[in-house]
There are 2 protein chains.
Amino acid sequence: MHDMHIAALETTITAENWSGQLEIRSALDGRVVNSGVERYKELNKTHLNPIESREINDDTILLRVQTNQSKIEIAQAARTRVFMQENTLDINKQVVQEEGYIAHDFKVELGEGESVSIEKIVSPYTSRDHAISECGLEAENTVVQVGRFEEILKDHALAWENLWNRFHLDISIPNKEHRTEQILHLYTFHLPQTLSINTKDLDVGVPSRGWHGEAYRGHVFWDELFIFPFLNLRIPEITRALLLYRYRRLEKARSTAQIAGYRGAMYPWQSGSNGREESQKLHLNPKSGRWIPDNSQLQRHVNAAIVYNIWQYCQATGDLKFLSAYGAEIILEIARFWASLATYNKKLDRYEILGVMGPDEYHDSYPDSKKPGLNNNSYTNFMAAWVLCRALELPELLSENRWRELCALLDLDREELEHWDEVSRKMRIVFHDDGIISQFENYDQLEEFDWDGYRKKYDNIQRLDRILMAEGDTPNRYKVSKQADVLMLFYLFSSEELGEIFGRLNYPFKYETIPKNIAYYLSRTSNGSSLSRVVHSWVEARSDRENSWKLFTQALETDMGDIQGGTTSEGIHMGAMAGCLDIIQRCYTGIETRKDMLLFNPMLPEELKELKLRISYKGHWLDVTITSGEINVQALPSAARPIKIKVKDKIFELKQGENKTIQIE
Amino acid sequence: MHDMHIAALETTITAENWSGQLEIRSALDGRVVNSGVERYKELNKTHLNPIESREINDDTILLRVQTNQSKIEIAQAARTRVFMQENTLDINKQVVQEEGYIAHDFKVELGEGESVSIEKIVSPYTSRDHAISECGLEAENTVVQVGRFEEILKDHALAWENLWNRFHLDISIPNKEHRTEQILHLYTFHLPQTLSINTKDLDVGVPSRGWHGEAYRGHVFWDELFIFPFLNLRIPEITRALLLYRYRRLEKARSTAQIAGYRGAMYPWQSGSNGREESQKLHLNPKSGRWIPDNSQLQRHVNAAIVYNIWQYCQATGDLKFLSAYGAEIILEIARFWASLATYNKKLDRYEILGVMGPDEYHDSYPDSKKPGLNNNSYTNFMAAWVLCRALELPELLSENRWRELCALLDLDREELEHWDEVSRKMRIVFHDDGIISQFENYDQLEEFDWDGYRKKYDNIQRLDRILMAEGDTPNRYKVSKQADVLMLFYLFSSEELGEIFGRLNYPFKYETIPKNIAYYLSRTSNGSSLSRVVHSWVEARSDRENSWKLFTQALETDMGDIQGGTTSEGIHMGAMAGCLDIIQRCYTGIETRKDMLLFNPMLPEELKELKLRISYKGHWLDVTITSGEINVQALPSAARPIKIKVKDKIFELKQGENKTIQIE
């Protein structure tokens, strides 16, 4: 963790009740293939071409390979040393070489009771690394200079200690819940392991399955939406770096929008290396063995998620420099995209978004319609209106000079801004059944689904889409959701914020709308996405604490219990992992970062007696302790400016070094 | 300027008084060699290996080459189109191919009075670029999609307009000085042309001769010291990016220090791609044709410059995030290096730095001594003390949490900090002649130089070192400087700051010390470095305005008049160019960014009647107008917090949108 160019392994073998000769091989293998996902196995799985392998010295070998499409060179040198009782054994090693493979073979004589330790240090470099001369040369020089295993371990442990210090999260629950704590720690571990301080200077995005498995081939989806809010309050530098990954692909998103006939920037649903759309057009149903059309690239809502992420980052950090230099340009171009995607319905005097998909992948078109996509997906329309509001707020947040610069750069004038304002006030949201936000227009006309019947018929109906398709049916016909995308709104926004946008849109909104919609959609959801339980636990936190905790503990099992039908071996579910942590961090504490304030509104589940966390906010480190009766906030000493904190309805200022305790009823 | 992956050229040929056939060739040439510097010509000058060349379509060709040591691939596609009166001519093109070279040849018939326009668009990519799939593919796709020349030109012009808006500098001087304005504009142009917004996301440093020529082979020296203070008040994001270049090489600087027997981090004098020392050990005197030992790598003072640059950037921007995440670690490691380099002189109860070189390259050892380096170079010792003070200030600027993290990471304890404190108070500075700061210990024992005699004997004695060496003599024997490095102190620090450090060191310091030292050293300096006139003009600004302006106008001629002995063809002198701009920006205005304030202390030369500039400070854009009688500061509207401004002795607060005029006597 302290140096991404070093990997180390120490293996000790003790001859407990025997003696004899050990044969040991220490290799670098460039013949590895991608075969971790069953259904991809028939596709081309060899992605490395060998370039060179050679022995550097008696201890050290080198292997260079190159990825066969992107032409990235990967060089590794491996130093292998053998120790007996802390003495280096001077052993003659044989070189074994095959195409794309090199190894050192050697033999060790071991007497009964004797131990031998084999230390293998590898230095991986790629041709895309910064501050290198040539990656093979760096690999060679690094491994020759590096110290012993113990030294590396010490530095590695220290780097992790610093990370744990930043990710401090301490829940106090009864003994039987020890597993909950364990899993939280495991997921906390995976977050900085995947979104690493070591890659923050590289052009790296958030792959939905981490670096752990090959599902989705490393493509970048919208999982950031579930990850960044947690990360923003821990190591926001990492979020910043990951947002830059999006900024670098803004030009591509612009040309993608243009080719599709829109203005502004349209980021793809599945983003490949250079920001191109990588969503498949056909999708294999492993249940039926049939290839079916896949409209998932119509999930334009990823563009709203990107704006949400920029906004959250800036709110949590106060980093207006980032907003000015990078964020604002993305926000404006995405706002422009939404405005150009929206069409005016004269009869209703409303703007509509037609032919898209919401996050709920069970619905990609109307039943019996040949046209892909749905009209007026509420989540998408709401988010589009919200994005336009954020774009219109930018002149207040940027310097006049930068605002003018951006207007000139993007050829943005008053007339266009006025149009955005209008669209943000007249976006259509469809309702049915007296206050139910329709997942999309005409959702109410779909058939109710026979949940009981199917639950009896199949063990697990999480992937109802595959079941129905295999039966020749389609979820498009029914009021069923993989994840209920209307509920995403209650996940992303507090009732105050919802009220603001609905008010702007001139639609009635009462607090009761929330539990009513939750009840409606939860009973029509199969939880087919790893993200759905996170969202559902979150939205229940204030109306049904017990069910929220139940859903939370279920969500926690996503990778620990591999409950997504054995998909953990194909990679961890990054969004679900971070989402679980964030239920503790932001949902049960009611933490929000809005209007230049840090808001608390705690409502701990019965099971959580006390919660301690350390968060980063606008340059401060805050130690927060919450019980059912009170909340304590301690601002660690720093040079950061005083911040405003709001607990329930009370607002107060907190200076560095200060400590405040507030009673909560 | 708006897209680093596009280069465009439009050539129009009109047959004014003839008619006939034109033969045109549009090529991509990978056979270019580095032959721009006469004295390097005998060295290997071929640095590109051809990989592939092919025709993509009737308009487009592709060339791929690779640098032969660093293995960076460079791909370019070129699209050539021919237009007559806005109609595309559909001309048959012949492909011409040679090793590492490809061209399109074609013929055009031109009648008398007719015009033909040839548009050539090239898309350069390298394998190190971000957001790419594979560089050849990107080059091909880009050039196929890109628009017409006029569109590219429009976007390019707009990007430049934005840059000019940021670099606004308006001097009002009599007509005869029009050349001064012209040169200032030319140098302003070269700054963002070289340290570009386009490279701020790449791993790029500041080459002392820009990208314009091949002298010093692109190595990174200390020129940043003369460039960043100007840039910090214009586009600080670029400074930040260039400081990250140093951060990425911190690990290398650590191992360089360790190998040399020191602690902390020691950055090299001439930094190569991966941060290794690239200073030559032998140096060719073109005057004598002899190779002589070169001790220039003993210029350890580059390490102080790096800290100074980080500090200035943070003061101008208030970017504590950068300080916390990157800057502080460099500062601490360099402080540690200085403390380990300093040796204790028990007799004097002082710390000394022995065997180094100051910025004045005429002195690299004592006369007749075989030991390289000099003892107690005042510039170096003073800067080392200053660096230690900045390191000791860090706990106040960082959060307690980050400070603890850094202490653990660097294994830094109270005892070591106490040692730094002691060294920062007991560093030795040598004086002679009642208040002259000795350039180094025993400088006073050197012989006075026969300036008049040599000025008569040689036309130009700027490079006195080469003249003396060719005579079998050495500048080491004389009180002569290429640039007077004691005067660097007055360039970098105000008298108030100098007083603070000298006071801490328990040495007497009066304001009169400054003019006295200036007079002493200016009369012993040959101005052999392009940077010396900048420094000398600066330090004279307050004691001899007339001479300051004279030196300034001489410094301005560095590249415009090519007065460094014809070296401009080997590359521009980046430091001198930016230094000239900064004389206007900070020296004559007395602008400093210190103690959380923006300080003004203007003293315009007679020739400058009015000065208008736009500067960026802590998120504000400030329009500043200065005349001999008053100063006006206008804070453009923004969301930035109020700032403190000090004009002479008066301190006031300025809010965004506010405008203040202050009379100055």
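This is a predicted model: local features need pLDDT of at least 70, side-chain atom pairs count only at pLDDT 80 or more; totals for chains, interfaces and linings use all residues.

Student: How is an interface described, and how many residues of chain A are in contact with chain B?

Tutor: The size of an interface is often given as the accessible area lost when the parts come together. Buried area is that loss, found with a 1.4 Å probe and summed over both parts. Here chain A and chain B bury about 4800 Å² between them, with 46% of it on carbon and sulfur atoms. Contact means heavy atoms within 4.5 Å; on that basis 53 residues of chain A meet 53 residues of chain B.

Student: Which polar links and salt bridges are counted between chain A and chain B?

Tutor: A salt bridge is a side-chain nitrogen of Lys or Arg within 4 Å of a carboxyl oxygen of Asp or Glu. Between chain A and chain B the count is 4 salt bridges. B:Arg166 forms a salt bridge with A:Glu405, with the closest N and O atoms 2.8 Å apart. A polar contact is a pair of N or O atoms within 3.5 Å; within protein, one must be able to donate a hydrogen and the other to accept it, and residues adjacent in sequence count only if both atoms are side-chain atoms. Across this interface, 18 residue pairs are in polar contact, both residues being at pLDDT 80 or more.

Student: Which elements give two or more residues to the side of chain A that touches chain B?

Tutor: Helices (H or I, at least four residues) and strands (E, at least two) are DSSP runs, numbered from the N terminus. The elements of chain A that give two or more residues to this side are α1 (135-145), α2 (149-166), α5 (236-247), α8 (320-341), α9 (378-397) and α10 (400-410). The most comes from α10(A), with 6 residues. For classes, Ala, Val, Leu, Ile, Met, Phe, Trp, Tyr, Cys and Pro count as nonpolar, Asp, Glu, Lys and Arg as charged, and the others, Gly among them, as polar. By class, the side of chain A that touches chain B has 15 nonpolar, 15 polar and 23 charged residues.

Student: Which residues does B:Glu329 pair with?

Tutor: B:Glu329 and B:Arg254 meet in a salt bridge through their side chains (2.6 Å, N to O). B:Glu329 is in helix α8 (residues 320-341) of chain B and B:Arg254 in helix α6 (residues 250-259) of chain B, 75 residues apart. B:Glu329 is buried, with a relative accessible area of 7%, and B:Arg254 counts as buried at 18%. In chain A, salt bridges that share partners join A:Glu251, A:Arg254, A:Arg263, A:Glu329, A:Glu333, A:Arg336 and A:Glu416 into one network.

Student: How many residues of helix α4 of chain A are buried?

Tutor: Helix α4 (residues 224-232) of chain A is mostly covered, with 9 of its 9 residues buried. Among them are A:Phe226, A:Phe228 and A:Phe230.

Student: Where does a positive phi occur in a residue other than glycine?

Tutor: A:Asp434 has a phi near 55°. A:Asp434 lies in the loop between β15 (431-432) and β16 (436-437) of chain A and counts as exposed at 67% relative accessibility. A:Asn442 has a positive phi of about 70°. A:Asn442 is in the loop between β16 and α12 (451-457) of chain A and is partly exposed, with a relative accessible area of 33%.

Key
Residues are numbered from 1 along each chain as its sequence is written. Chains are lettered from A and ligands numbered from 1 in the order in which they are written. Side-chain values use heavy atoms; hydrogens and water are left out. Buried area is the accessible area (1.4 Å probe) that two parts lose on being put together, summed over both. Buried means under 20% relative accessible area, exposed over 50%, partly exposed in between (1.4 Å probe, protein chains only).
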